[in-house]
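I opened the notebook to record what I looked up, one entry per topic. The sequence and the structure come first.

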Amino acid sequence: ISDLHGEGPTDPETLDLATEASAAVNLLIVQGLTRNKLRCAATNAVRGKQIGIVQGIDQQFSGDVDKLDTSLISQLLENDTVPVVAPIAFDREGSSLRLNSDLLAAELAARLEASKLIYLGTQSRLQVEGKTVTNLPVAELEKLLQSEPKHFPERLLGKARYSAKAVRAGTPRSHLLDGRVFGALLN
């Protein structure tokens, strides 16, 4: 039922797949951090809440961020430990919910007062109508998102929306990098 970008309803089968995929990605992240001699910890620092019904459609197991345990995350960071936060959250009763990972990243950036939000994707920059856009002020991005959302590649639309949200919430900058390029983060 969900689309490929983590939007829309999450049925039980999709939740199972998302949970498996999240666990596999978490393992790779922890492995990579360990290989680079960095300490890390998987956390349950995100509490989710069901989205409910949107435009008459039950979102089932799709969630939104209800609460972030920023003190736990800050404590880990202060102790030189990288928090690994999955887009599978738990509600107040401990039931699993699938969160949109772009939304989660933007919420974390805003609530932790990060200096930057960095998305690693399969494209190196924001593209609108096939043209690369750099150093775009948030007001212009919001205007484009509102007036011409169809001009954004589908894979970048959520990242663009949540980048604007994070910047409006206080994160000074947002970047989109190609995660397939070695050293993209450093460059």
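**Entry 1: salt bridges**

Which residue's side chain meets that of Arg 47 in a salt bridge? I looked it up and found Asp 66, at 2.9 Å from N to O. The model I am reading is a predicted one. I then checked cover: Arg 47 is partly exposed at 22% relative accessibility, and Asp 66 is partly exposed at 26%.

Asp 66 also forms a salt bridge with Arg 92, with the closest N and O atoms 4.0 Å apart. Arg 92 sits in the loop between strand 7 (88-90) and strand 8 (96-98), 26 residues from Asp 66. Arg 92 counts as exposed because its relative accessible area is 62%, and the cut-off is over 50%.

My next pair was Lys 165 and Glu 107, whose closest N and O atoms are 3.0 Å apart in a salt bridge. Lys 165 belongs to helix 5 and Glu 107 to helix 3 (residues 101-111), 58 residues apart. Lys 165 is partly exposed at 41%, whereas Glu 107 is buried at 11%. I also noted that shared partners join Arg 47, Asp 66 and Arg 92 into one network. The count of salt bridges is 7.

I looked up the second largest pocket, which holds about 680 Å³ of space. It is lined by 25 residues, and those closest to its centre are Val 133, Asn 135, Ser 174, His 175 and Leu 176. Helix 4 (138-147), helix 5 (154-168) and strand 12 (173-178) each supply at least two residues of this lining.

In the loop between helix 4 and helix 5 I found Pro 153. Pro 153 is partly exposed, at 24%.

**Entry 2: a surface patch**

Which residues form a nonpolar patch on the surface? I listed Ile 118, Leu 120 and Leu 185, with about 290 Å² of accessible area together. Leu 120 lies in strand 9 (residues 116-121) and is exposed at 53% relative accessibility.

**Entry 3: Thr 14**

Is Thr 14 buried or exposed? Thr 14 counts as buried because its relative accessibility is 18%, and the cut-off is under 20%. Thr 14 lies in helix 1 (residues 12-35). Its side chain makes a polar contact of 2.6 Å with the side chain of Asp 11.

Methods:
Residues are numbered from 1 along each chain as its sequence is written. This is a predicted model: local features need pLDDT of at least 70, side-chain atom pairs count only at pLDDT 80 or more; totals for chains, interfaces and linings use all residues. Side-chain values use heavy atoms; hydrogens and water are left out. Helices (H or I, at least four residues) and strands (E, at least two) are DSSP runs, numbered from the N terminus. Buried means under 20% relative accessible area, exposed over 50%, partly exposed in between (1.4 Å probe, protein chains only). A polar contact is a pair of N or O atoms within 3.5 Å; within protein, one must be able to donate a hydrogen and the other to accept it, and residues adjacent in sequence count only if both atoms are side-chain atoms. Patches are made of residues with over 30% relative accessible area and no salt bridge: like charges are joined within 9 Å, nonpolar side chains (Val, Leu, Ile, Met, Phe, Trp, Tyr) within 5 Å. Accessible areas come from the Shrake-Rupley method with a 1.4 Å probe; for residues, only the protein chains shown count as cover. On a 1 Å grid over the protein atoms alone, a cavity is a set of points where a 1.4 Å probe fits but cannot get out, and a pocket is an open set with protein on both sides within 12 Å along at least five of seven lines; lining residues have an atom within 4 Å of a point. Grid points are joined across faces, edges and corners, and a volume is the space filled by probe spheres set on the points.
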